Amino acid sequence: MHRRLTHICLIAALVGCGGTNPPGTPDPAAAGAGGQRENSAGAARQVTALADEYWKELIETFPLYGVFFGVPETPNDRLNDNSIRTIRAFERKEDRWLQRLSAVDDDALRGRPEEITYGILRETLEASRQQRVCHAEYWPLNQQSGLQIALPFISQLQPLGSDE
C-alpha cells in the first residue's frame, strides 16, 4: 500500500507539472532529424495521455487518494468502492494501460520530461500487477491501514459546507 501510494504521489506530481519544456528551453529531441522529433513528440503525447487517464480513473474509482492529496476535482461525496468486482475491473484497466505503455518507444523519450512519467507509470503498473498475488483486498484491516486508520484522517480533510 505504501509503495503504491508513493508511486501515485509521484505520478500526481508529474501530471501536475505538465509534459512540456519551459518556454525558451530547447527541446532535447530537436537535435535529431524531423522524423525522430515527430516520433519523440508522439511517444510523449501517448505517455502523457496514459498518465492522465490512469490518474483520472484512479481518482474516480478510489476517491480517497484524491482527498488525501487535496486534488480539487476529487469526488468527495463517497468512499472507495472496495468491492471485489471493482478491484478486478481496475486491475484489468491496469493491464490494458501497461500493454499500451509497453507499446510506446521509450527510447524516443530520452531527455524529455515524459521519460520520467513513463518510468514511474510503468513501475506503478508493474508493481501493482506483481502485488496481486498478496490479495490485499481480502485483508483490508490491519494495524497500519483500514477504515479505522483512514476515517479519522478523512474527517480532517473532508470539506464541509457548500459554496452556496
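**Entry 1: E126 and its partner**

I looked up E126 and found that E126 is partly exposed, at 25% relative accessibility. The model I am reading is a predicted one. Next I asked which residue forms a salt bridge with E126. The partner is R122, and the closest N and O atoms are 2.9 Å apart. I then checked where the two sit. Both E126 and R122 lie in helix 5, 4 residues apart, which is about one turn of the helix. R122 has a relative accessible area of 24%, so I wrote R122 down as partly exposed.

**Entry 2: the overall fold**

I stepped back to the whole chain. I counted 6 helices and 0 strands in the protein. Read along the sequence, the pattern is α-α-α-α-α-α. The protein has 164 residues, and buried residues make up 33% of them. The protein exposes about 10,100 Å². Carbon and sulfur atoms supply 56% of that area.

**Entry 3: E115**

I went back to helix 5, residues 113-131, and picked E115 in it. Is E115 buried or partly exposed? Its relative accessibility is 28%, so E115 counts as partly exposed. Leaving out residues up to four places away in sequence, I found that E115 touches L109 and R110. The side chains of E115 and R110 are joined by a polar contact of 2.9 Å. The side chain of E115 also has a polar atom 3.1 Å from the backbone nitrogen of G111. Then I looked further along the chain. A44 is 71 residues away from E115 in sequence, yet their C-alpha atoms are separated by 7.9 Å.

**Entry 4: R110 and D107**

I followed R110 to another partner. The side chain of R110 meets that of D107 in a salt bridge, at 3.2 Å from N to O. I compared each residue with the cut-off: over 50% is exposed. D107 has 51% relative accessibility, so D107 counts as exposed. R110 has 46%, so R110 counts as partly exposed.

**Entry 5: salt bridges in the whole structure**

How many salt bridges does a search of the whole structure find? The search finds 12. I noted one of them in helix 4. There the side chains of E91 and R88 meet, at 3.4 Å from N to O. E91 and R88 are 3 residues apart in helix 4 (residues 84-102), so about one helical turn separates them. E91 is buried, because its relative accessibility is 13% and buried means under 20%. R88 is partly exposed, with a relative accessible area of 22%. I also found a network of salt bridges, which links E94, D95, R129 and R132.

**Entry 6: R132**

I located R132 in the loop between helix 5 and helix 6. At 18% relative accessibility, R132 counts as buried. Which residues does R132 contact, leaving aside its neighbours within four places in sequence? They are E91, E94 and D95. E91 came up in the last entry. Here the side chain of R132 reaches the backbone oxygen of E91 at 3.1 Å.

**Entry 7: the nonpolar core**

I turned to the nonpolar residues. In soluble globular proteins, nonpolar side chains tend to be buried together. In this model, the largest nonpolar core has 22 residues. Y54, L58, L101, L109, L121 and L125 have the most contacts inside it. I checked which helices supply this core. Helix 2 (34-61), helix 4 and helix 5 each supply at least two of its residues. Helix 2 gives the most, with 9 residues.

**Entry 8: a nonpolar patch**

Last, I looked for nonpolar residues on the surface. L79, L141, L147 and L151 form a nonpolar patch there. Together they have about 370 Å² of accessible area. Where is L141 placed? I found L141 in the loop between helix 5 and helix 6 (147-157). L141 has a relative accessible area of 60%, so I noted L141 as exposed. R132 lies in the loop between helix 5 and helix 6 too, but R132 counts as buried.

Conventions:
Residues are numbered from 1 along each chain as its sequence is written. This is a predicted model: local features need pLDDT of at least 70, side-chain atom pairs count only at pLDDT 80 or more; totals for chains, interfaces and linings use all residues. Side-chain values use heavy atoms; hydrogens and water are left out. Buried means under 20% relative accessible area, exposed over 50%, partly exposed in between (1.4 Å probe, protein chains only). Contact means heavy atoms within 4.5 Å. A polar contact is a pair of N or O atoms within 3.5 Å; within protein, one must be able to donate a hydrogen and the other to accept it, and residues adjacent in sequence count only if both atoms are side-chain atoms. A salt bridge is a side-chain nitrogen of Lys or Arg within 4 Å of a carboxyl oxygen of Asp or Glu. A nonpolar core is a set of buried Ala, Val, Leu, Ile, Met, Phe, Trp, Tyr and Cys residues joined through side-chain atoms within 4.5 Å. Patches are made of residues with over 30% relative accessible area and no salt bridge: like charges are joined within 9 Å, nonpolar side chains (Val, Leu, Ile, Met, Phe, Trp, Tyr) within 5 Å. Accessible areas come from the Shrake-Rupley method with a 1.4 Å probe; for residues, only the protein chains shown count as cover.
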